[in-house]
Amino acid sequence: MEVAKTVKRVRVGWLGMVVLLAMVLSPTHTRAQTGAVRLAITRDEGWLNPYTYQTGFPGWNLMTLVYDTLFYPDANNEPIPWLVRDTRVSADGRTWTLTLRPNLRWHDGRPLTSADVKFTFEYAAKVTHSRWTPTTRNLDGVDAPSPQTVVFRLKQPDAGFRLRTLADVPVLPKHIWEPVTTVAAARAFRNTVGSGPYRVEEVQDNQFYRLTANSEYFAGTPKVRELVLPIIRDATVTFTALQAGQVDATSRTLTPELVAQFEKAPGIKVARGAGFASTILQFNVEHPQLRDVRLRRAIASAINTNLLVRLLMLGYAVVGSPGYLHPDSPFYAPGVKFEASKARAVSLLNEAGYRDRNGDGIREGPDGTPLQFTLLTLAGNPIRIRGAELIRTWLRDVGIGVTIRVAEDAAIIDQVWPDFDVCKGRRFDMAVFGWSAPVMSRPTALVDLFHSSCQLGTINIGGYKNAEIDRLGQQLIVTVDPASQKRIAAQMQQIIAQELPVHVLFYPDTIMAYRAGAYDRWAFQKGQGYVTKLSFVDAPK
Amino acid sequence: MARFFAGKGVQYALVLLFAVTLNFLLPRLMPGSPLVFLAGEDVGFMTAAQRAQLTEAFGLDRPLWRQYGIYLAGLARGDLGHSVQQGRPVAEIILGRVGWTLMLVGISLVLATLMGVAWGTAAAWRRGRPLDVGSLGAAMLLHSTPSFWLGMIFIAVFAAGMRLFPVFGAMTPGAGLHGWAQAANVAWHLALPLATLTLITIPDMFLIMRYSMLGVLGEQYIATARSKGVGERGVMFRHAMRNALLPVSTVFMLNLGYIVSGATVIETVFSYPGIGRLLFEAVLARDYPVLQGSFFVITVSVIAANIAADLLYPLLDPRVRYAR
């Protein structure tokens with residue numbers, strides 16, 4: 001889905017006339033540059049450089065307005081060459097030779113060369129960053145045989161190299177970052193000289209950022225002259241400000257109950273598309289009872305996800321697929337299905353020997369342990385809390401007891417994902433949880449989510465173990481050919497759909513609202529929304 | 001006198017040390033760690049060694065007593081440390097915020113005190129009459145109104161509905177204003193949060209002033225003043241109100257100590273960049289240095305206000321002076 005691109009309505013006035021005249025006189029000239037656009041963001045993003053920005057979305061996306069990556073994800077999350085003109089991959093998939101575009105420059109006028117690229121990856125290996133450093137683990141070395149040529153030598157072929165490394169790591173200017181040698185210094189470093197389409201002009205702590213277009217940008221003049229990013233923490237206030245015309249757009253996705261109102265509001269356009277973030281029921285698969293796949297299937301059967309989508313999301317979501325991946329993901333296996341039914345939940349439980357032996361309405365296992373679980377959910381997320389309440393009701397109906405515990409983010413992480421290290425185990429039964437959109441786009445998503453080794457299954461927070469998944473996963477991460485990747489991912493989804501280590505409830509749609517009068521040339525990135533570099537500059541030709 | 005001050009000095013020093021220790025311990029008692037804010041959302045993809053490198057860089061791997069020692073040593077040098085989340089010096093962050101908070105809470109405290117005193121005096125003077133009963137009801141209602149709710153109503157009516165005021169922030173983002181235009185812009189943004197906070201604070205002052213005034217009006221010297229022919233205005237202002245102001249001044253001084261702690265709820269509702277919001281965000285992020293630093297500044301200012309109250313009270317109330 002893409003937002004319709006129309007010529008911006010030019011306001012009457014002499015400035016407008018001049019612009020109009022210019023457009024008439026030079027028909028080959030690109031469309032007029034919009035003056036200023038105010039895009040509300042949710043929180044502080046440091047100095048907007050690669051070591052101080054905070055959030056994966058929209059922080060990374062905004063940071064890439066100031067810095068460039070070698071590739072960049074397009075509207076379909078396919079990496080397209082950005083700083084790179086030409087790519088050659090050796091037959092064994094381990095040597096990547098990239099040719100940079102000519103005449104690339106940093107904001108300070110110095111040329112951007114292969115030495116900067118080489119420096120960037122060596123820097124990331126040395127100065128720890130949660131996103132850049134892991135990409136260097138599989139690197140044997142980076143060479144810069146000529147100013148425009150970069151050679152990446154990989155230890156083993158990498159399925160995600162193009163998207164997760166080349167289209168992800170921003171190139172740092174060597175002449176500026178070289179003296180910054182420690183993690184603490186890098187995290188306090190305020191320099192924002194990049195090569196991207198925008199320069200950071202003004203940073204007001206916790207109030208706003210002001211970026212101005214880099215008129216020398218190699219891919220053409222950015223479409224918006226000035227970009228103001230006000231920080232608004234509260235969702236309600238954000239949408240009120242949008243309605244009142246005090247911001248033109250926001251990185252927040254519109255809440256379901258506001259969609260109808262905003263679609264009718266004058267001057268506001270609503271763009272809607274698939275969302276790659278997920279809302280899931282996460283099982284602790286190591287739990288003595290929840291390790292039983294029959295019990296997990298019974299629980300999933302009792303939950304009416306269609307009704308959840310209608311009640312909680314007012315229909316603005318896609319019902320979860322049991323193989324985890326969104327139906328719009330390029331790796332989705334169309335065959336996987338899961339039908340919920342209360343009757344099936346009951347018969348599954350009966351067959352597995354879970355019966356209510358003492359007549360208290362809660363079934364007990366063969367050893368007499370009652371099916372009584374704690375369900376964790378996030379405070380401050382009313383949709384998840386209501387979802388948890390519905391789940392409790394439905395499970396109660398089939399004889400499974402659930403106690404809901406609402407806690408704030410850090411407290412939940414402490415139990416579900418202590419220290420963000422799945423090697424450290426887990427202390428929970430079930431949780432209404434969710435993963436952000438980028439998790440879905442990774443070719444290796446299923447490995448990250450379900451591989452039993454905590455080194456590979458880095459977000460396997462349920463502690464799921466399956467030998468076949470492990471074998472396929474190991475194969476997938478070294479597979480570079482997209483068709484083979486899809487075939488392996490499909491096999492993995494079949495197994496996950498049978499075993500249900502997580503039960504995906506739904507994928508909330510990405511619904512973005514904006515004031516079309518201020519700017520109407522947003523590009524919609526599938527699953528993520530319009531905060532992408534492509535909204536402000538066309539892909540280089 | 002010198003002995004009195006020495007005694008007080010020791011007392012305040014002990015309070016400060018106790019508070020500083022609590023400021024250090026309390027944030028660390030919360031479950032969870034600052035790691036995700038230190039590392040970002042991709043912390044899950046890091047190896048254990050990489051994670052260890054990060055916690056080490058911020059000294060979070062050291063035993064608690066060592067961290068405490070480092071914290072105390074830093075305080076002694078006037079160094080509040082660096083924010084885990086932002087990597088910036090805590091002192092710099094607090095300095096950037098404290099002005100906004102002082103402006104919002106300070107002006108509101110003065111306004112609320114003046115209005116509360118006037119209103120409380122008027123109500124007590126007409127005790128039991130419709131003005132008093134009505135005022136009491138209104139004050140109770142206002143007193144029990146949640147501030148976030150009042151703030152949101154103000155936003156909905158005056159900002160979103162009538163579009164008279166901005167919906168968020170302390171100034172128009174990226175407007176690049178200077179001088180008077182900037183001052184006007186800041187005042188315009190201050191209006192709604194200030195009105196909300198003032199309205200919420202008035203009832204406290206009103207209630208104290210009214211009860212204090214009622215007490216004073218029952219005193220014999222009021223009857224004496226009347227009987228010796230002092231006019232009603234004179235009785236009200238010279239004899240009653242001046243004496244009734246004592247408890248209000250105490251509350252005012254106490255509140256003065258808390259003005260740097262900001263108004264978390266109001267600042268959050270109006271996206272106002274003050275200390276209250278900083279604290280709220282630091283709690284969510286488990287940003288220990290920022291929490292410690294903010295609490296320290298608040299502690300010091302509360303203690304300073306107490307000292308000021310101790311010193312000022314004898315000037316306001318001669319009886320305290322004579323008693324000594």
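Author: Strand S5 (residues 95-100) of chain A and strand S7 (residues 149-154) of chain A run antiparallel and are joined by 5 bridges. Helices (H or I, at least four residues) and strands (E, at least two) are DSSP runs, numbered from the N terminus. One of the bridges pairs Thr97(A) with Val151(A) in S7(A). Strands of a sheet pair through backbone hydrogen bonds, either parallel or antiparallel.

The model is predicted: local features need pLDDT of at least 70 and side-chain atom pairs count only at pLDDT 80 or more, while totals for chains, interfaces and linings use all residues. Residues are numbered from 1 along each chain as its sequence is written, and chains are lettered from A and ligands numbered from 1 in the order in which they are written.

The open sheet has 4 strands in the order S4-S5-S7-S6 (chain A), with antiparallel pairing; two strands pair if DSSP finds at least two bridges between them. Strand S4 (84-89) and strand S6 (139-146) of chain A are the edge strands, each pairing on one side only. On average, neighbouring strands of this sheet are turned by 20° against each other, direction ignored. Helix H3 (residues 114-126) of chain A packs on the sheet and touches S5, S6 and S7 of chain A. The direction of H3 makes about 165° with that of S6(A). Such axes are lines fitted to C-alpha atoms, for helices over the stretch in contact, and angles run from 0 to 180 degrees between N-to-C directions. Two residues are in contact if their C-beta atoms, placed from the backbone, lie within 7 Å.

Elsewhere in chain A, helix H11 (residues 342-351) has the buried residues Ala345(A), Leu348(A) and Leu349(A). They lie on the same side of H11(A) because they cover an arc of only 95° around the axis, the arc being that of the directions from the helix axis to the C-beta atoms. A residue is buried if 20 or more other C-beta atoms lie within 10 Å of its own, exposed if 12 or fewer, and partly exposed in between, with C-beta atoms placed from the backbone. The buried residues of H11(A) pack against helix H9 (293-302) of chain A, whereas the face turned away from the buried side carries the exposed residues Ala343(A) and Glu351(A). H11(A) is followed by Gly353(A), whose phi is positive, near 85°.
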